[in-house]
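This briefing covers the pockets, cavities, sheet and salt bridges of one protein model. Please read it alongside the structure shown here.

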Amino acid sequence: MTEISTEEYKRVLKNMLFDLDRICTENDISYFVSFGSLLGTVRHNGFIPWDDDVDISLYYTELPKLKKALEKNEKYYILDSSCPTPYYNNFPRFCSREYALKLKGVIDIEDLGAFIDIFVLYDVPSEKEEREKLYRSLKRDRENVINSLPLRCFSTLKTKQKIKKLLSLPGLLKNRGKYSENVKKRDETLHTFDGIDSTFVASLFDHPHDRDLMKKEDIFDIVSHSFEDIEVKIPRNYDLMLTTRYGDYMKLPPEKQRRSTHHFKVYKKEC
């Protein structure tokens, strides 16, 4: 395999996003670029210059449609907890088979290709107290999934992180052999409020928070916008979403914060 540069990887991601947009359009799947990618689209008409990933969001009923559309696709696949290799994230990824990522400083994900994060939007209660109960449950469920991973998945952590993980030995021992059980419990929690009559949806990834709330009426009101030299989908009400999460989102951060926070190397697989 041949390592590629950050700029090359961003070109790969842009091409993947172009293909993903085409697949979604052809299969009547509603999506939009979100989080840092939405910020980059609006503020920079493409990538945030110091960033190197792509995020999209879609409603939970759209994900099965996307997985079905990719069933016979030889280039792309969906990575989630239903795959044979352990995968601990609350959100799936749209991956390319043509590239391999090697992680460092974070929990390992085996057979990870170049990826676009898919932040699935779930129905959540209108009452703040009920949402916070959901967030606490998901935090516990996520920790249980991580503690039930094979020990080899922690080999990519830094020394201090490994020591911290060893100090949580009781949690590791309690969850040995329970990966499938814990994933099932976590996924049931994610879908607790499916179909509820509520104003809000949320992505519920990693550490859920009300800053990730979106109005359900906004996630299907989608328009096109330029991203580098391609077109992608964004919410018409992007201003509210970006303001809720980032505040004055058109203001650039201090220079010392303008750096990537990702920990991986990317390789082009040999044909």
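In this predicted model, the lining of the second largest pocket divides into nine nonpolar, five polar and four charged residues. That pocket has a volume of about 280 Å³, while the largest pocket holds about 1400 Å³ of space. A search of the whole structure also finds two cavities of 30 Å³ or more.

**Second largest pocket**
- The lining consists of 18 residues, and those closest to the centre of the second largest pocket are Leu-63, Asp-80, Tyr-122, Asp-187 and His-191.
- At least two lining residues each come from α3 (63-69), β7 and α7 (179-190).

**Largest pocket**
- The largest pocket is lined by 46 residues.
- Nearest its centre lie Asp-53, Phe-205, Asp-206, Thr-261 and His-262.
- By class, the lining of the largest pocket has 20 nonpolar, nine polar and 17 charged residues.
- The elements α2, β7 (115-124), α4 (128-147), α5 (159-167) and α8 each give at least two residues to this lining.
- Helix α2 supplies the largest share of the lining of the largest pocket, with four residues.

**Largest cavity**
- The largest cavity contains about 100 Å³ of space.
- The largest share, four residues, comes from α8.
- Seven residues of this lining are nonpolar, one is polar and three are charged.
- Residues lining the largest cavity include Ser-34, Phe-35 and Leu-38, along with Arg-211, Asp-212, Leu-213 and Met-214.
- Also in the lining of the largest cavity are Met-241, Leu-242, Arg-245 and Tyr-246.

**Second largest cavity**
- The volume of the second largest cavity is about 40 Å³.
- Its lining is made up of Gly-36, Ser-37, Gly-40, Gly-46, Phe-47, Ile-48, Asp-51, Asp-53 and Phe-227.
- The most residues in this lining, three, are given by α2.
- The lining of the second largest cavity comprises three nonpolar, four polar and two charged residues.
- Asp-53 lines the second largest cavity, and Asp-53 is also among the residues nearest the centre of the largest pocket.

**Sheet and the helix across it**
- Three strands form an open sheet in the order β1-β12-β6, with antiparallel pairing.
- One side of β1 (2-4) and one side of β6 (99-103) are left without a neighbour in the sheet, because each of these edge strands has a single partner strand.
- From one strand to the next, the twist averages 40 degrees.
- Strands β6 and β12 (residues 264-268) run antiparallel and are joined by five bridges.
- Within this pairing, Leu-103 stands opposite Phe-264 in β12.
- Helix α1 (residues 6-26) lies across β1, β6 and β12.
- The helix runs at about 85 degrees to β1.

**Salt bridges**
- The count for the model comes to 21 salt bridges.
- One of the salt bridges joins Arg-22 and Asp-19, with the closest N and O atoms 3.8 Å apart.
- Both Arg-22 and Asp-19 belong to helix α1, where they are three residues apart, about one turn of the helix.

Note on methods. Residues numbered from 1 in each chain as written. Predicted model: local features only at pLDDT ≥ 70, side-chain atom pairs only at ≥ 80, totals over all residues. Heavy atoms only, no water. Pairing = 2+ DSSP bridges. Axes fitted to C-alpha atoms, helices over the stretch in contact; angles between N-to-C directions. Contact = heavy atoms within 4.5 Å. 1 Å grid on protein atoms, 1.4 Å probe; cavity = no way out; pocket = protein on both sides within 12 Å on 5 of 7 lines; lining within 4 Å. Points joined across faces, edges and corners; volume = space filled by probe spheres on them. Nonpolar A, V, L, I, M, F, W, Y, C, P; charged D, E, K, R; others polar. Salt bridge = Lys/Arg side-chain N within 4 Å of Asp/Glu carboxyl O.
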